[in-house]
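Me: I would like to learn how to read a helix crossing and a domain contact. Please take them one at a time.

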Amino acid sequence: MTDYRRLRVALLGAGAVGSQVASLLLRHGDELADRAGARLELAGIAVRDVDAPRDVELPRELFTTDAETLITGADIVIELMGGIEPARSHILLGLGSGADVVTANKALLATHGPEVFEAADRVGASVYYEAAAAGAIPIIRPLRDSLAGDRVVRIMGIVNGTTNYILDRMDSEGADFADVLADAQRLGYAEADPTADVEGYDAAQKAAILASLAFHTAVPLDAVHREGITSITADMIEEAREAGFVIKLLAVCERIGVDGGESISVRVYPALIPRTHPLASVHGANNAVFVEAEAAGSLMFYGAGAGGVQTASAVLGDVVSAARRHIAGGVGVGESTRANLPVVSIGHVTTRYQITLEVDDEPGVLATIAGILSEGGVSVATLVQTVEGEDGDTARLIVGTHRAADSALSATVERLAESDVVERVLSVLRVEGE
Ligand code: NAP
């Protein structure tokens with residue numbers, strides 16, 4: 001057996017992901033040593049309660065509540081506690097003590113990323129976070145390394161498994177949001193408090209991380225436009241299907257031209273995508289990230305976006321990278337923010353829309369609606385009308401628009417809602433991926 005140098009690894013957290021990382025580190029020691037060029041010695045596991053039951057059996061003597069002592073003696077710190085504090089302080093302590101850091105903590109990186117990366121830069125260490133954006137799917141390394149010689153134009157990601165599971169079941173079964181959510185909670189696909197997932201907060205954190213990396217720009221979380229899926233109804237899904245679309249919660253990060261300069265837009269919302277688009281075939285709780293780059297063209301990364309052992313795979317890949325770097329020495333990977341592009345609000349974004357209205361079924365209604373749209377600078381591409389109600393006194397109107405600025409569209413939809421001929425605006429959805 002090769003006599004490798006030993007690196008001390010401190011693991012913070014032994015929950016769904018941490019316990020699997022510990023187990024793999026202990027079971028695959030020899031293989032990991034050959035890959036890393038160093039023997040990875042699990043020095044200890046910091047938790048809140050050393051006696052709490054774990055998903056896998058782990059040696060009792062590894063557990064401690066003294067995270068600080070563990071961290072200051074480590075070459076590599078793996079942070080899998082989640083949340084902001086004490087995760088942030090522990091990561092900063094690790095970097096300050098000369099360790100490289102591996103984390104899966106999207107909440108922390110989306111809010112305190114610049115502070116963490118600057119701390120790493122100051123000491124020439126590295127922060128690895130492959131598991132923070134899409135669980136087991138390799139997307140950070142492809143964006144940072146494989147595509148380093150290319151220019152990413154747009155990223156469209158299905159980066160939240162819970163919402164994809166819900167929307168996929170609504171699409172395949174014609175079921176209502178509330179029923180599928182309740183079922184998802186029962187089956188463990190959704191948390192008891194599903195807000196972070198269904199309101200798009202989790203996807204927004206991941207979008208901020210992906211956009212920052214892809215566009216060499218620190219994207220603050222509050223610059224990410226966010227809408228969730230709670231207003232999506234079975235009717236909207238059915239209408240989308242009839243028009244050849246599927247509704248997916250998308251994280252979109254793209255370069256856009258504003259006032260003659262280049263800016264970026266980062267946004268999360270439920271959008272219509274053509275059923276022929278590769279992202280339309282992402283079913284269940286799976287994730288996928290569709291990247292468009294100038295030279296490489298379109299690439300899709302697909303797989304499990306969560307799950308303890310799946311996420312542990314991405315974490316261990318990072319641990320091996322950290323170990324190699326630690327052995328090789330030199331400065332850390334570093335996070336580039338050199339482009340520092342402005343992040344613009346949703347109003348600047350141009351997409352196509354599908355607006356569904358309930359209108360009076362009277363002569364002249366179509367002309368009134370066409371007039372409001374045209375005054376607002378929104379031009380009509382398609383129009384479908386169906387008669388509704390038992391006595392046929394209302395009609396459902398589905399208006400497909402040409403590309404329009406979001407600001408123009410919002411103002412126009414307000415005017416439509418106020419119009420005498422419109423009973424209700426039933427839905428407004430953006431179209432992506434055409
Ligand atoms: P988890 O199951 O809640 O486990 C958290 C672990 O951290 C527990 O072992 C807990 O200790 C420990 N911990 C929490 N606060 C602590 C504190 N103040 N001091 C010491 N230990 C503390 O979390 P998880 O699902 O494994 O997620 C870990 C990280 O991975 C999070 O950042 C999450 O966003 C990210 N992630 C998770 C997944 C996934 O599928 N689960 C996927 C991608 C990324 P006790 O056990 O003693 O309470």
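Me: In which hand does α5 pass α11?

Reply: A crossing is left-handed if the near helix is turned anticlockwise from the far one by less than a right angle, and right-handed if clockwise. Here α5 passes α11 in a left-handed crossing. Helices are DSSP runs (H or I, at least four residues), numbered from the N terminus. This is a predicted model: local features need pLDDT of at least 70, side-chain atom pairs count only at pLDDT 80 or more, and totals for chains, interfaces and linings use all residues. Residues are numbered from 1 along each chain as its sequence is written, and side-chain values use heavy atoms, without hydrogens and water.

Me: At what angle do the axes of α5 and α11 cross?

Reply: Axes are lines fitted to C-alpha atoms, for helices over the stretch in contact, with angles from 0 to 180 degrees between N-to-C directions. For α5 (residues 106–123) and α11 (residues 201–214) the angle is roughly 55°, and the axes come within 9 Å. That makes α5 oblique to α11; under 35 degrees counts as roughly parallel, over 145 as roughly antiparallel, 65 to 115 as roughly perpendicular, and the rest as oblique.

Me: Which residues of α5 and α11 meet?

Reply: Contact means heavy atoms within 4.5 Å. Lys106, Ala107, Leu109 and Ala110 of α5 meet Asp202, Gln205, Lys206, Ala208 and Ile209 of α11.

Me: How much area is buried between domain 1 and domain 2?

Reply: Buried area is the accessible area (1.4 Å probe) that two parts lose on being put together, summed over both. Here the value is about 1300 Å², with 59% from carbon and sulfur atoms. In domain 1, Ala110, Tyr129 and Ala133 lose the most area to domain 2, together 40% of what that side buries. Domain bounds come from an automatic or database domain assignment.

Definitions and conventions: Helices (H or I, at least four residues) and strands (E, at least two) are DSSP runs, numbered from the N terminus.
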